[in-house]
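User: I'm new to this one. Can you walk me through it?
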Amino acid sequence: MSARRRITDLSPAELSAFASAQHQRPFRGQQIYDWVMGRGVCTTSAMSDLSKPLREALDAEFDCSAPRVLWSGDSASGTEKAFLQLSDAQGDGVEAVLIMEGERTTACISSQAGCPVACVFCASGVLGLRRNLTRGEILDQFIAVRERAQALGRRVSNIVVMGMGEPMLNYSAVVEALDVIHDPKGGGIGARHITISTVGLEKGVRRLTEEGKPYTLAFSLHAPNDELRRKLVPFAAAMDIDAMVQAAGAYLDGTGREVTFEYVLLDGVNASAADAHELAQRLRGVRGTVNLIPYNENPGFTWKRPPAQQVDQFAEILRSGGVKVSVRKRKGHRILAACGQLRLQEMQRAQ
Ligand code: SAH
């Protein structure tokens, strides 16, 4: 990381304390926050209602550059992908995606550079974990995507922490960033429109439940039984299915929010009618929705997405078994929008 903190790393309280230390009234801190998080302006020269000495002090103390972003757009699929360069790692960066679908405009953001979980079908884990992102680096992604959405005449309505990384391994930075995204003076996104996706790490899930934040919790399930799940998600710390089901109940009790179970459909692996029946059986009576995600094929990976008809059949079997289901539409495959694909490509190009 660069020696200086990013301006987006500071909380409103820290900004007020900084203003006070500069012999300015503390409300100046809120003004800076309004510029950065409310309007997405990091560059101090644009902060016209602040004194020159305060702006100079900010520049001396913090990195106030605009996030460095490479965009690869695909207007035909309604998906645009940002690659945000990390200040400490030449050529490396993280991904954020803008997904525009009907009324909904979703920002998909990353929690880590790389990922230590290494789900067998996912590009994010191929190079392992580089490091956790700071809260500011997470907010930089939101700012970049929000600006892009605005330029396209859209307003970000939803946030999903479904980019690179395992959010529960970077809990504080992720939740602090989401709190800013949720704050009416920050991103102004309703808590119900914010989703955190995890392979299920007990400590983080418990903490989120206890804190009672009404964000949507999504478990990456991907299999109807633990034996297959361990093969697809070979991360020793990941919870087993029983523990996830139990945690889903506790989350509903604690926050009033039903969880989502994500299930990436991989042809010939977990997408047969028998798998669907087993899953329906396993989730009988569990309150929550299964989100079926037909696999986004990755160059260099041999996993395949099942035919559309099979996806429909899988969904139908779950519905007949009394399980609530949604199916993710095919989005962004043309610009490699699945987690980690773009970064992998950029890194391979740089080598
Ligand atoms: N580590 C967290 C969040 C990041 S991944 C988690 O696993 O939940 C967000 C979701 O995208 C996960 O369910 C993941 O399995 C899925 N995913 C990863 N690569 C994919 C691909 N190529 N196609 C479809 N979904 C993918």
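User: Which residues does Asn158 touch, not counting residues up to four places away in sequence?
Analyst: Asn158 touches Arg104, Thr105, Thr106, Ala107 and His193. Contact here means heavy atoms within 4.5 Å. A word on the source: this is a predicted model, where local features need pLDDT of at least 70, side-chain atom pairs count only at pLDDT 80 or more, and totals for chains, interfaces and linings use all residues. Residues are numbered from 1 along each chain as its sequence is written, and side-chain values use heavy atoms, with hydrogens and water left out.

User: Where does Asn158 lie, and is Asn158 buried or exposed?
Analyst: Asn158 lies in strand β7, residues 158-161. Asn158 is buried, with a relative accessible area of 12%. Buried means under 20% relative accessible area, exposed over 50%, and partly exposed in between (1.4 Å probe, protein chains only). Helices (H or I, at least four residues) and strands (E, at least two) are DSSP runs, numbered from the N terminus.

User: What does the side chain of Asn158 make a polar contact with?
Analyst: The side chain of Ser157, at 2.7 Å. A polar contact is a pair of N or O atoms within 3.5 Å; within protein, one must be able to donate a hydrogen and the other to accept it, and residues adjacent in sequence count only if both atoms are side-chain atoms.

User: Now the sheet. How many strands form it, and in what order?
Analyst: 10 strands form an open sheet with mixed pairing. The order is β1-β2-β3-β4-β7-β8-β9-β10-β11-β12. The edge strands are β1 (69-74) and β12 (324-327), each pairing on one side only. Two strands pair if DSSP finds at least two bridges between them. From one strand to the next, the twist averages 20°.

User: Which helix packs on the sheet?
Analyst: Helix α4, residues 135-151. Helix α4 touches β1, β2 (79-85), β3 (93-101), β4 (104-108) and β7. The direction of α4 makes about 35° with that of β3. Axes are lines fitted to C-alpha atoms, for helices over the stretch in contact, and angles run from 0 to 180 degrees between N-to-C directions.

User: How many bridges join β8 to β9?
Analyst: 4 bridges join β8 (residues 194-198) to β9 (residues 216-220), and the two run parallel. Ser197 stands opposite Ala218 in β9. Ile196 stands opposite Leu217 in β9.

User: Why is β9 largely enclosed?
Analyst: 5 of the 5 residues of β9 are buried, so the rest of the structure largely encloses this strand. Both faces are covered. Thr216, Ala218 and Ser220 are buried on one side, Leu217 and Phe219 on the other.

User: Switching to the ligand. How many residues surround it, and which are the closest?
Analyst: 21 residues surround the ligand. The closest are Gly165, Ser197, Ser220, His222 and Asn296. A residue is counted as near if one of its heavy atoms lies within 4 Å.

User: Which atoms of His222, Glu262 and Asn296 come up there?
Analyst: An N or O atom in the side chain of His222 is 2.9 Å from an oxygen atom of the ligand. For Glu262, a side-chain N or O atom is 3.4 Å from an oxygen atom of the ligand. Asn296 has a backbone N or O atom 2.9 Å from a nitrogen atom of the ligand.

User: Back to the start of the chain. Which residues of α1 are buried?
Analyst: In α1 (residues 12-21), Leu15, Ser16, Phe18 and Ala19 are buried. Seen down the helix axis, they fall within an arc of 160°, so they line one face of α1. That arc is taken from the directions from the helix axis to the C-beta atoms. The face turned away carries the exposed residues Ala13 and Ala21.

User: What do the buried residues of α1 pack against?
Analyst: They pack against α2 (27-38) and α3 (52-61). Just after α1, His23 takes a positive phi of about 60°.

User: And what do the buried residues of α2 pack against?
Analyst: Those of α2 pack against α1, α3, α4 and α5 (171-182). Among them are Ile32, Tyr33 and Trp35. Just after α2, Gly40 takes a positive phi of about 75°.

User: Last one: is Asp253 buried or exposed?
Analyst: Exposed, with a relative accessible area of 69%. Asp253 lies in helix α8, residues 241-255.
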